[in-house]
Amino acid sequence: MRPQNVACILRPRLMLLLFLPVFLYSLSLDASTRRYRLTWREDPATSMVIGFEQPTGSSVKVVYDTQDHGRATEKYRFTASPSRQVNHAGMRNVFVRIKGLQPGTIYYFLVVDSDGASQRMLFETPHNTPDKPLSIIAGGDSRNNRDVAQSANRLVSKLKPHFVLFGGDMTNGDTAAEWQDWFDDWQLTISSDGRLTPIVPARGNHERSNASIYNLFDVPNPDVYYALSFAGGLLRTYTLNTLFPPGGDQLDWLENDLSRSKSSWKIAQYHHSMRPHTSAKPERDELITLWATRFTKYGMNLVCESDVHTVKQTWPIRPSRELGASQGFIRDDRYGTVYVGEGCWGAPLRANDDNKPWTRASGRFNQFKWLWVGLRQIQIRTVDIDRSSYVVNEVDYLARFKSPAGMYYWDADNGGDVLRIQRRAAGTPPVAQGPLPAGRRPGASMQSADKKPILSRDAQNRLRVNFQMPAAGSPTVLVFNSQMRLLWQKTLSVRGPGPYSENLQLPSLPRGERLQMVVKGAGRVLGKFEVR
């Protein structure tokens, strides 16, 4: 073989050997960190918590800067080390708490460890001036249907809100596999430029303990109730925990904080709805007694509830026992609080079959709320997730209050596609007072007038139930256990409007447990009873 032929053969191999170390080195630049999330423990305008999973590697840190240096780790001016590491849900969760940031500023960052560097990402600190509005997404209950949750997450990436209020029930069973899937899906909220959206999470009943939220999101309080202030006094948000005693320490904290807050607007989020808009969920009388009364007293403007998997918005309401009140509330356009919800980020939908006289509108579809909070008003848009899933364009940072093409909003009764809340009037709201029904005594609940009538079964499990049909139809009787699991259901014969007294033969249902009977007909709930 001629020498030049040998050279021709060896040259490509030599080039491969020369480039192979470079190729392998480039692979080593990819860190194993993943499942990124942003949260807050302190002032959102000047701090950020960067959370992530670190399955392998060591010596982890975050490098960040106001200038974009791509993946050139050494060019980033600032470095932060982990403040907390905790094993939870089958992940080693690392939290880097950064302080001393500038308000209204974009920061570019990398997560770096012994395995290499992450992709370049960015976060945005909210502005600290009340004359600029805030963009917020509020929702909850992702749970079972990943395709819906993924669609909602992609919409977050398009809308680029300042943050997301998430009302709990992220997963169905609180298992490690579900949480890992949830965080994988949460990466879909990352915008095309690498922007992460902070999440302000609450605990739901499908989180088995407070530890799930505390260990996965590093919230300020291990009991998962806390408040954050935004935009130089424009807004204060209250995240409450309906799986923790609503009285005691939580109530003391809430009243103390509300009484001192000077924010222009106050918004609360928590999981369980006080007055669910489906008959399949129990009432939470104690939340009205303990929380709603404080909301009225201290000027809570908006409450975001979850858990029910229906859609609702109310007129401004306050707790009341006076003439004209229903189920513990009365409409009050001057001093009332607007309640919206109730979940639908992917959890199984329930029927909106329990409207109240003070319900403004209700529906049944996958949704979240897009809030625009300004000095003069809050605007609420209910985003239909399924019908908006084809949105392609992302909002511009300088025009984030302009809807991208393809967004579909609920055209709700009594308000259209934008619900507006005006600044609350000055003055002292009335306190809940008034006569209780004869034979009732005031108790711990504001809802003494609305206690469910008791139906007693005889030895053969027979009982009589009375109800009023408002229109012709076939009433349905349902019996639930104390965990609201359906035990028995029967559809009665068609009948016209009028009062009815029905003898029912129940199956052998458990005794010694508080059972609830619901009678529905003509598209509404006709009565709720306790069965003994």
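Residues are numbered from 1 along each chain as its sequence is written, and side-chain values use heavy atoms, with hydrogens and water left out. Because the model is predicted, local features need pLDDT of at least 70 and side-chain atom pairs count only at pLDDT 80 or more, while totals for chains, interfaces and linings use all residues.

**View 1. Packing of helix H2 against helix H3.** Helix H2 (residues 146–159) and helix H3 (residues 176–186) pack with their axes 9 Å apart and at an angle of about 35°; the axes are lines fitted to C-alpha atoms over the stretch in contact, and angles run from 0 to 180 degrees between N-to-C directions. Helices (H or I, at least four residues) and strands (E, at least two) are DSSP runs, numbered from the N terminus. On the H2 side the contact (heavy atoms within 4.5 Å) is made by Arg146, Gln150 and Asn153, and on the H3 side by Asp181, Asp185 and Trp186. These residues divide into 3 charged, 2 polar and 1 nonpolar, where Asp, Glu, Lys and Arg count as charged, Ala, Val, Leu, Ile, Met, Phe, Trp, Tyr, Cys and Pro as nonpolar, and the others, Gly among them, as polar.

**View 2. The largest cavity and its lining.** A cavity is a set of points on a 1 Å grid, over the protein atoms alone, where a 1.4 Å probe fits but cannot get out, and lining residues have an atom within 4 Å of a point. Grid points are joined across faces, edges and corners, and a volume is the space filled by probe spheres set on the points. The count comes to 5 cavities of 30 Å³ or more, and the largest holds about 90 Å³ of space. Of the 14 residues that line the largest cavity, Ala138, Gly139, Cys304, Glu305 and Ser306 lie nearest its centre. Strands S10 (134–139), S20 (338–341) and S22 (367–373) each supply at least two lining residues, and the lining as a whole divides into 7 polar, 5 nonpolar and 2 charged residues.

**View 3. Glutamate 305 in the loop between S16 and S17.** Glutamate 305 is buried at 3% relative accessibility, buried meaning under 20% relative accessible area, exposed over 50% and partly exposed in between (1.4 Å probe, protein chains only). Its side chain is joined to that of lysine 312 by a polar contact of 2.8 Å, that is, a pair of N or O atoms within 3.5 Å, of which, within protein, one must be able to donate a hydrogen and the other to accept it, while residues adjacent in sequence count only if both atoms are side-chain atoms. Glutamate 305 and serine 273, 32 residues apart in sequence, are 5.3 Å apart in space, C-alpha to C-alpha.

**View 4. Surroundings of aspartate 307.** Aspartate 307, found in the loop between strand S16 (302–304) and strand S17 (311–314), is buried, with a relative accessible area of 5%. Its side chain makes polar contacts with the side chains of histidine 271 (3.2 Å) and lysine 281 (3.2 Å). Leaving aside neighbours within four places in sequence, its contacts include Asp141, Asp169, Asn205 and Arg350. Phi of aspartate 307 is positive, near 80°.

View 5. Most residues other than glycine have a negative phi, and most peptide bonds are trans. Glycine 341 and glutamate 342 are joined by a cis peptide bond, with omega about 5°. Cysteine 344, in the loop between S20 and S21, has a positive phi near 90° and is buried at 0% relative accessibility.

How values were computed: On a 1 Å grid over the protein atoms alone, a cavity is a set of points where a 1.4 Å probe fits but cannot get out, and a pocket is an open set with protein on both sides within 12 Å along at least five of seven lines; lining residues have an atom within 4 Å of a point.
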